[in-house]
Amino acid sequence: MNRRRLLLAAGGIGLTGASAWTLRNDFDDDGLPMQVEALDAPGSAAGEVRVPAADTVTVVDLFATWCAPCKRQMDELATVHQRYGEDVAMISVTNERIGGSLSRDDVREWWRRHDGAWTVGLDQDSDLMAALGASELPFLAVVEADGEVRWKDGNVTDAARLEREIDRALGGT
């Protein structure tokens, strides 16, 4: 083997190793916490919000206004919100694109119609969905106060199940 081939081979091995290291580290970094745009809506103030909330157990709900099961999920979330109040942060986030046929007012109207009473936000680039590994809607996650995702599920979850996961995150059983 001549010297040039040996150097190319060594360079290729180095690049492959660096790529594997980068992929592994990207996989371990879930991208949380992140900022999303919150809407001015019932229970929600306009601005940037941190997801998950700092030092607080957080329920993250991913939804879409066109998603029929997401409407059913809202009833369960309202029950949970009523039980925990301010002891648990709740945020519902849609990744729908604003513009064209959907406006921020449409999302606010959907929120009001389904009795949303906590923070509602937009994630138009689906960064939060990617960070949580969500591939379907509705999607729920319970994040512990230290930022660790404790539980996640991609189906309609009843209030009793969600409360069990929140209680575990709060340190109960």
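Guide: Ring pairs join Phe63, Trp110, Trp111 and Trp118 into a cluster. The model is predicted, so local features need pLDDT of at least 70, side-chain atom pairs count only at pLDDT 80 or more, and totals for chains, interfaces and linings use all residues. Residues are numbered from 1 along each chain as its sequence is written, and side-chain values use heavy atoms, without hydrogens and water.

Visitor: Why is the aromatic pair of Phe63 and Trp110 called stacked?

Guide: Rings of Phe, Tyr and Trp (its six-membered ring) pair if their centres lie within 6.5 Å; planes under 30 degrees apart count as stacked, over 60 as edge-to-face and the rest as tilted. For Phe63 and Trp110 the centres are 4.8 Å apart and the planes 15 degrees, so the pair is stacked.

Visitor: What makes the pair of Phe63 and Trp111 tilted?

Guide: The ring centres of Phe63 and Trp111 are 6.1 Å apart and the planes stand at 35 degrees, so this pair is tilted. Phe63 lies in strand S3 and Trp111 in helix H3, so the pair ties together parts 48 residues apart in sequence. Helices (H or I, at least four residues) and strands (E, at least two) are DSSP runs, numbered from the N terminus.

Visitor: How do you know whether Phe63 is buried or exposed?

Guide: Buried means under 20% relative accessible area, exposed over 50%, and partly exposed in between (1.4 Å probe, protein chains only). Phe63 has a relative accessible area of 1%, so Phe63 is buried. Trp110, at 2%, also counts as buried, and Trp111 is buried at 0%.
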